[in-house]
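Here are my notes on the model you sent over. Please read them with the structure open.

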Amino acid sequence: MPTTATATCTIDGREVAIAGQRNLLEAIRASGIDLPTFCYHSELSVYGACRLCLVEIEGRGVQASCTIAPEPGMVVRTQTPQLRRLRRTNLELLLANHQGDCACCDKSGSCRLQDLALRLGAQRGRFVRTVPERQPDRSSPAVHRDPGKCILCGDCVRVCDEVQGIGALDFAFRGERTVVQPAFGKPLAESDCVHCGQCSRVCPTGALIPANDVERAWQALSDPARCVVVQVAPAVRVALAEALRLPPHADALGLLAAGLRRLGAHRVYDTAFAADLTVIEEGNEFVRRWRHGERLPMFTSCCPAWVACAEKHLPDWLPHLSSCRSPQQMLASVLRRHPDAVGDPRPLTVISIMPCTAKKFEAARAEFCRDGQPDVDLVLTTQEAARLLASAGLDVARLDPEPADLPFGLKTGAAVLFGMSGGVATAVLRYASAVLGDGRLRHHDFRELRDGDGLRLAECALAGRTLRVAAVSGLSAARRLLSDLRSGRLAVDLVEVMACPGGCVGGAGQPVDHSGEQRLRRAQALVAADRSEVMRMSAENPAVGRLYETCLERPGSHTAEEWLHTRYQPRRRLGDLDLLFTQGERSGRLLVLACLGTSCHLRGGPRLVQQLIEAVEARGLQQRVEVRATFCLERCGEGPNVRVGERLVEQASVERVLAAIDEQLGNA
Amino acid sequence: MSTCCAPPSTAARRFARVTEILARHRHDPAALVPILQEVQEVYRYLPEEVMAYIATDLGLPPARVFGVATFYAHFALAPKGRFVIKLCDGTACHVKESQPILDALRQRLGLSERKTTTDDQLFTVETVSCLGACGLAPVMLVNDDVHGQMTPQSALQLVESLIAKHAKETP
């Protein structure tokens, strides 16, 4: 029998087994020593920049342990006087340029820089600040950026690129002028950002942080002329206890409801109610499309960061998205349009509590506003909800939990699963099996859809056919899935996409979790909540049934379309940027604007632009026509596009554009 | 909304050059630095719009292209003058008193550390860390021409001759 000798190395004089850790840092942490780091995240590539995980390896000197593979027989020291001094000095150098004001920083208390400065005994004042003062960027409704607090660890850059495949942030300039920012130093709102906020989730300081709307919430709650309605998303209830320092098994939703009512909320509803409504609308849309083989696979549309990603980066796939609004917007729409939803004559203020930063962006979308009035007035993240309660001085632990208000407080187990990756697909499958099949799977777990990271697949037999479902979280993983779909390596009928790894439980609005361990615990809590429900299939929700009877008639009805569905459109990724090609002296020339965005670029945009310039010059039209190129006319499906004056020429050719020019000049 | 201030055919020709450069590098994102170098030769700097176009063409995030363009001192984000003077301030040149030359040039042209290009777009004055011609210290480059063993006086004479040359070429 072969003996398997365990490989070991020596860490601070103790023999430690090496069990497949990717680097020495993980081996050291596994042995119970929490070496400090800023730039190390197990889900990201190794960067080796913060120089805090320094160790001394016999024969090799001082090394950053995150960049070293553990080897059998290695003798490692983690706490020599030299190492302690080096770590502290490195931290003090970071602190020297940190324009932080801990007392007024939202990150205070969960800030890794603050935490490690205390742990390592850093002193201020040994080094002077060398970088100029930098202005914060508050342009985005979702995430605020304060480069003065940035320590250049690059975590945000890597999560945006590696996990989300967006690359909205990157390092610019060098040396002491180095700054992490969107392209060309533009505000975040004018960049290719999709508002997922994962940058703020990994940021160790307050340099990237969810936008703070707590003060606006206070204003709304203290307006006696309005009825304040609060809705709470599924993933919030399994994470709020962390931020409030309650025991994990506490009924956080019940305590939150009690607390919100103390602060002036008139109704507290459960967004999970609307998740059941979403399942029914989306399930019906899917069944219809599946029967007719129409625009398959169908993609879910609950995740606003995924929707923004599709609109900005993947316009070709937009027709595949479900037209369903997200549960947040469905509930708000019902509250606003239902003649007697709330039973209070005062005008409504709708506040959502979400695990998500992108929901702030979603609430502000023009599609979800009527006459300039958004359906959802403001969105608080889980973090902000905890801050709201804390700022009132409420001892939440001493409150008696209270139920959500009816009827929009009723939910099924399926709806609660919306808070995790795989949950929406599970809920839709349960519903589809009840509608199309014998209903045996109506309470099924579909574990294969939620176990593990990245892409997960499930199949079930329905109506004599095999229904294939995929769930994916992380937008990079979603893009890989799309490329597999395009190449035919994979064929599925329904795809659930959530932008944040693990789904909403790992949303950027959730309490800060530097270790990443809470995400799994939150997901387990959602699974347990689903199992504890008697009703676990969305159509079993009696309140949803009543809503159809009284208002909506049936899924997909005219009213349902109007209240619960929406449309998408391609959106440009970059703010105002265009290229001027022909220049004359006369002002008021006819503007010919050719699109060079990704989609039109691939459809021959550059060649068309070249031919246009040549044709305009050949005809001596420079004084009457101005040719420019831009980076998206937001009509990606019909490219290449050229706008001639007010007229859009789709699937443009030189001949058709010239004809349009002649027509418009003739008219003029 | 910025524009490139060139007569019609220049703008068109430049765009054609950029598409040609991208095609010659097979639209390979790994060739970003040489592509930027060649495109900078076309425009004498890297306009944002052109970087956005390059990013779209190569399938890279624009922030990455901007990051690379701002990392290397070679790339310019603002238009440079017709004559780009690069004065070496490496160890050898520094010891051989390059600083008085820099002071003289800046004073003559009304430039500073922050303002490196003259308003008439004729001169850009910058320093570089080493031109690899230490035997000729102090050295400066005017566009691609090397001038060695400079003094403040010879540098100013050179500037005057360039101004005269420009005046003769542009009626």
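Predicted model: local features only at pLDDT ≥ 70, side-chain atom pairs only at ≥ 80, totals over all residues.

1. Chain A is divided into domain 1 (8-79), domain 2 (127-210), domain 3 (215-564) and domain 4 (578-667). The C-alpha centres of domain 1 and domain 4 of chain A lie 58 Å apart.

2. A:Leu579. Look for this residue in strand 20 of chain A, residues 578-580. Is A:Leu579 buried or exposed? A:Leu579 has 25 other C-beta atoms within 10 Å. The cut-off for buried is 20 or more, so A:Leu579 counts as buried. Leaving aside residues up to four places away in sequence, A:Leu579 touches A:Arg628 and A:Ala629, and also B:Glu49 and B:Tyr53 of the other chain. A:Ala434 is another matter: 145 residues separate it from A:Leu579 in sequence, and 55 Å in space, C-alpha to C-alpha.

3. Helix 19 of chain A. This helix spans residues 542-552, and A:Val544, A:Leu547 and A:Leu552 are buried in it. Seen down the axis, the buried residues of helix 19 fall within an arc of 50°, so they line one face. They pack against helix 10 (271-292), helix 12 (327-337) and helix 20 (558-564) of chain A. The face turned away from the buried side carries A:Pro542, A:Arg546, A:Glu549 and A:Thr550, which are exposed. Just after the helix comes A:Glu553, with a positive phi of about 65°.

4. Helix 4 of chain B. How many of the ten residues in helix 4 (62-71) are buried? Eight are, and the helix is mostly covered. Among them are B:Arg64, B:Phe66 and B:Thr70. The partners come from both chains.

5. The chain B sheet. Four strands form an open sheet in the order 2-1-3-4, with mixed pairing. Which strands are at the edges? They are strand 2 (123-128) and strand 4 (145-147) of chain B, each pairing on one side only. Neighbouring strands of this sheet are turned by 20° against each other on average, direction ignored. Strand 1 (83-88) and strand 2 of chain B run parallel, joined by six bridges. Opposite B:Val84 stands B:Thr124 of strand 2. Helix 6 (98-109) of chain B packs on the sheet and touches strand 1 and strand 2. The direction of helix 6 makes about 155° with that of strand 1 of chain B.

Key. Residues numbered from 1 in each chain as written. Chains lettered and ligands numbered in written order. Helix = DSSP H or I, 4+ residues; strand = E, 2+ residues; numbered from the N terminus. Buried ≥ 20, exposed ≤ 12 C-beta atoms within 10 Å, placed from the backbone. Contact = placed C-beta atoms within 7 Å. Pairing = 2+ DSSP bridges. Axes fitted to C-alpha atoms, helices over the stretch in contact; angles between N-to-C directions. Domains from an automatic or database assignment. Arc of directions from axis to C-beta.
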